[in-house]
Amino acid sequence: MPIDQHLLLAFLLTTTIAMITPGPDMLFILGCGMRSGPRAGLLATAGVATSEAVHVAVAAAGLAALFAAVPVAFTAVRIVGAAYLIYLGVQMIRHRNDATTDEPPGTTGAAMSGRKAYLTGLTTNLLNPKMVTFTIAFLPQFVVPEHGQVWLQFAVLGAILIVLEFLVDGTVGLLSGRIGSWLRSRHIARRRIDTATGGIFIGLGIRLALLR
């Protein structure tokens, strides 16, 4: 395994918690499932996961080449990325009490075909600049250039990210009716999840910025 075992554990923990926090992708998949059935929810997940694979591949290719050409760039990317994670954590905590809509996007209107659900999940995530920024900020925190094969480390982390995407959001798509009712009636639980996730992002950003 080319990845540091302690960093891998931190990656698994952080990614899992981030995945189970209701966000735009999860709410979109939830809406597709509630509106058009489990198949559409699962295909929407596949679209989002395909987009994430593209983001990871582009980030891995670009950053691996950059780190090889300019070794000091790794430190700069890591520090900027850590700062961005801290910013995300602060924003999650600050906005934990913001009002949320009663219905997730995609629950109104005519039923959506599986093909449309896939393509919509693909394009909306692929064109989301926040996802690009997050990928570039997040993944390098768990890469150790001294271990060599930087591209392989990115590939392993990306594969884990996509598998978790299918496990978490795929489950949401398949069980969309029940999960939708739970999310609408558990505002307090959602605020606590946001607070916990924000705290973890802040702690991770500080730790990875200071300890290496």
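**View 1. Valine 58 in helix α3 of a predicted model.** Valine 58 is part of helix α3; helices (H or I, at least four residues) are DSSP runs numbered from the N terminus. With 58% relative accessibility, valine 58 counts as exposed (exposed is over 50% relative accessible area, buried under 20%, partly exposed in between; 1.4 Å probe, protein chains only). Valine 58 forms a nonpolar surface patch with Val54, Leu126 and Leu127, and together the four have about 370 Å² of accessible area. Patches are made of residues with over 30% relative accessible area and no salt bridge, with nonpolar side chains (Val, Leu, Ile, Met, Phe, Trp, Tyr) joined within 5 Å and like charges within 9 Å. A salt bridge is a side-chain nitrogen of Lys or Arg within 4 Å of a carboxyl oxygen of Asp or Glu. Accessible areas come from the Shrake-Rupley method with a 1.4 Å probe; for residues, only the protein chains shown count as cover.

**View 2. Asparagine 125 in helix α5.** Asparagine 125 is buried, at 1% relative accessible area. Its side chain makes a polar contact of 2.7 Å with the side chain of serine 51 (a pair of N or O atoms within 3.5 Å; within protein, one able to donate a hydrogen and the other to accept it, and residues adjacent in sequence count only if both atoms are side-chain atoms). Leaving aside residues up to four places away in sequence, asparagine 125 touches Asp25, Val48, Ser51, Glu52, His55 and Met131 (contact: heavy atoms within 4.5 Å).

**View 3. Lysine 116 in helix α5 (residues 114-126).** Lysine 116 counts as partly exposed, at 47% relative accessibility. Leucine 43 is 73 residues away from lysine 116 in sequence, with a C-alpha to C-alpha distance of 8.8 Å.

**View 4. The largest nonpolar core, of 29 residues.** Such a core is a set of buried Ala, Val, Leu, Ile, Met, Phe, Trp, Tyr and Cys residues joined through side-chain atoms within 4.5 Å. Phe11, Phe134, Phe138, Leu139, Phe142, Phe154 and Leu157 have the most contacts inside this core. Two or more residues each come from α1 (5-20), α2 (24-36), α3 (38-69), α4 (72-94), α6 (129-138) and α7 (150-174). The most come from α7, with eight residues. Another core, of seven residues, lies apart from it and includes Phe28, Ile29, Ala44 and Ala117.

**Notes to all views.** Residues are numbered from 1 along each chain as its sequence is written, and side-chain values use heavy atoms, with hydrogens and water left out. In this predicted model, local features need pLDDT of at least 70 and side-chain atom pairs count only at pLDDT 80 or more, while totals for chains, interfaces and linings use all residues.
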